[in-house]
Amino acid sequence: MQASFHDKPRGHLVLNDVVKIYDSDGGDILAVDRCSLDIPAGEICMIVGPSGCGKTTLLNAVAGFHSITWGTISLDGRELCSSQQPQATPGPDRVVVFQNGALFPWKTIMDNLTFGPLVQNTLTKAVAAERARELLAQAGLNGCEDLYPAQISSGMRRRAEIARALMNDPSVLLLDEPYRALDALTRSVMHEALLQMHALNPVTILFITHDIEEAVFLGHRVIVMSARPCRPKLVVDVDIPFPRDKRVLTTSRYRHLVRQSLDAVHEEAAISFSAGEREGE
Amino acid sequence: MSASVDESGAANVGPARRYSAENLRRALRTRPALMLVGFAGTLAAWYISVELLKLPRFRELPGLTAVVREWISTDPVYGVSLFTPEYYKHIAASIVRVAIAFTLSTGLGVPLGLLLGWSKRLREYIFPVFETLRPIPALAWVPLAILMFRGTETPVIFLTFLASFYATTLNTMLGVQSIDPTYIRAAQCLGAGDRQIFFHVILPGSLKYIFSGLQLSIGVAWFSLVAAEMISGEYGLGYLINAGYTMTAYPTIIIGMVTLGVVGYATSALVGWIGKRLMAWRSDEMSDAN
């Protein structure tokens with residue numbers, strides 16, 4: 001449905017030899033080391049790695065919140081940042097869904113959703129409201145239009161935030177451990193909701209998590225990152241067909257892929273543990 | 001496994017909410033009662049120490065019955081009671097001064113505070129000066145106020161304005177600094193420019209601090225108003241109290257003081273009420289435990 005808007009699919013995200021070095025008191029820290037990723041349009045790409053490995057640094061570089069030291073990041077052939085222009089400009093083609101949620105608490109759900117198109121002046125108020133109602137219906141949030149974020153549950157807020165991101169017709173959605181704070185049952189509901197919304201709005205998704213089961217369940221591909229410095233260690237192609245639902249969780253193929261990724265992550269977690277790494281990027 | 005986790009979770013949420021609602025209802029039921037006890041206790045202490053026991057330090061003070069008799073008398077001994085137009089002239093004069101000073105301090109303090117919070121550079125220029133001037137009490141400004149402004153009204157308004165301006169500016173600035181930077185990033189992602197971020201994120205995000213600043217500011221406005229009125233002015237509650245002292249109209253002093261308390265409390269409550277109305281989105285934050 002969305003794809004008819006554009007002649008060819010958008011959201012081809014390429015990271016080429018990205019290096020990030022932090023200045024710190026104790027000398028320079030190599031956070032990301034020659035990281036290359038090629039994420040085709042419409043793919044759900046899951047990034048898994050031990051805590052503090054630099055996954056979030058990578059996502060922030062794509063979003064334009066952090067600079068990179070070396071390499072290039074480009075979207076559909078357009079260079080977002082490079083060593084000459086180290087920091088990308090944040091924009092509605094790459095919307096971030098934040099770890100702790102960032103719906104504006106002082107705006108109703110409807111005003112949160114229409115905020116993007118209205119400040120960008122891309123849709124009229126009436127059209128934006130219509131599109132918002134459509135996305136809210138997809139997210140199972142009918143009737144929440146006039147409520148404030150504090151009046152709905154945290155699971156509903158996460159879905160509303162994804163709907164708010166999709167309002168901008170982005171090329172890439174950047175999800176930074178969005179379900180981390182949710183309980184197990186809510187999280188599994190969120191996973192199915194995300195896959196449903198992706199089926200209707202097939203944008204590229206770069207999803208950071210350290211939950212391997214979540215990664216295998218949601219992703220076309222799971223990329224296991226090494227302990228700091230961060231670089232791809234193992235790429236797992238998840239050949240389980242879409243649409244997926246919770247029955248996938250009991251298949252032997254799913255269990256096998258989880259175990260394969262788990263082994264790789266554990267190895268890295270052990271390395272980062274013995275190196276005394278701590279969380280906090 | 002996960003189902004049992006959720007069941008216990010759901011079981012926890014239900015009663016917790018019910019308890020908090022019940023507590024709230026109980027508090028509402030008992031609050032006026034407690035308030036009356038507080039007032040009655042204070043009045044009783046006054047009555048006992050001044051009129052009943054005639055304690056050494058309290059002997060010269062007007063007693064409760066004397067004050068009440070004077071206050072509700074149609075023909076007051078010292079000329080000021082609920083039934084004299086004089087009384088309301090004093091109240092009106094003070095309210096007008098506070099209203100002007102408060103409007104000025106809000107009109108200047110909120111924008112300045114927003115800018116100070118928003119621009120690090122501006123903050124570096126202005127904030128040290130601000131922090132040096134802030135501890136100087138309104139009373140210390142009296143000579144300069146009289147030298148700068150003509151007449152009796154303007155110096156009083158200037159002195160009233162001063163302290164409340166500091167409170168408003170400072171709290172607004174803190175409000176801007178308290179905003180979670182994630183909201184600003186989110187707005188950038190959604191395509192908002194600086195101007196839009198200012199009006200859609202910075203301003204509403206600091207509203208809570210702005211209003212606690214305004215409540216503080218109207219309090220200190222009354223505070224410095226009375227100090228100013230005691231020095232210059234022909235009307236006003238501060239003048240009334242001071243005149244009561246010089247003319248040994250002691251019950252009038254108490255009438256002025258209590259009136260000041262009531263009017264000050266009312267204005268502060270009004271500001272708080274407006275703030276609550278403007279921040280309807282905060283009213284349900286109590287239930288945001290999860």
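This is a predicted model: local features need pLDDT of at least 70, side-chain atom pairs count only at pLDDT 80 or more; totals for chains, interfaces and linings use all residues.
1. Strand S7 of chain A spans residues 172-176 and is mostly covered, with five of its five residues buried. A:Val172, A:Leu174 and A:Asp176 point one way from the strand, while A:Leu173 and A:Leu175 point the other way. Both sets are buried, and A:Asp176 is among these residues.

2. S7(A) pairs with strand S6 of chain A, residues 94-97, in the parallel sense, over four bridges. Within this pair, A:Leu173 of S7(A) has A:Val95 opposite.

3. S7(A) is also joined to strand S8 of chain A, residues 204-209, by five bridges, and these two strands run parallel. Here A:Leu206 in S8(A) is the residue opposite A:Leu174. Between S7(A) and S8(A) the chain passes through helix H5 of chain A, residues 184-200, in a β-α-β crossover that is right-handed.

4. Between the two chains, 26 residues of chain A are in contact with 24 residues of chain B. On the side of chain A that touches chain B, at least two residues come from each of S6, helix H2 (109-120) and H5 of chain A. H2(A) gives the largest share, four residues.

5. By class, the side of chain A that touches chain B consists of 17 nonpolar, eight polar and one charged residues.

Notes: Residues are numbered from 1 along each chain as its sequence is written. Chains are lettered from A and ligands numbered from 1 in the order in which they are written. A residue is buried if 20 or more other C-beta atoms lie within 10 Å of its own, exposed if 12 or fewer, and partly exposed in between; C-beta atoms are placed from the backbone. Two strands pair if DSSP finds at least two bridges between them. A crossover is right-handed if, with the strands pointing away from the viewer, the path from the first strand over the helix to the second runs clockwise. Two residues are in contact if their C-beta atoms, placed from the backbone, lie within 7 Å. Ala, Val, Leu, Ile, Met, Phe, Trp, Tyr, Cys and Pro count as nonpolar, Asp, Glu, Lys and Arg as charged, and the others, Gly among them, as polar.
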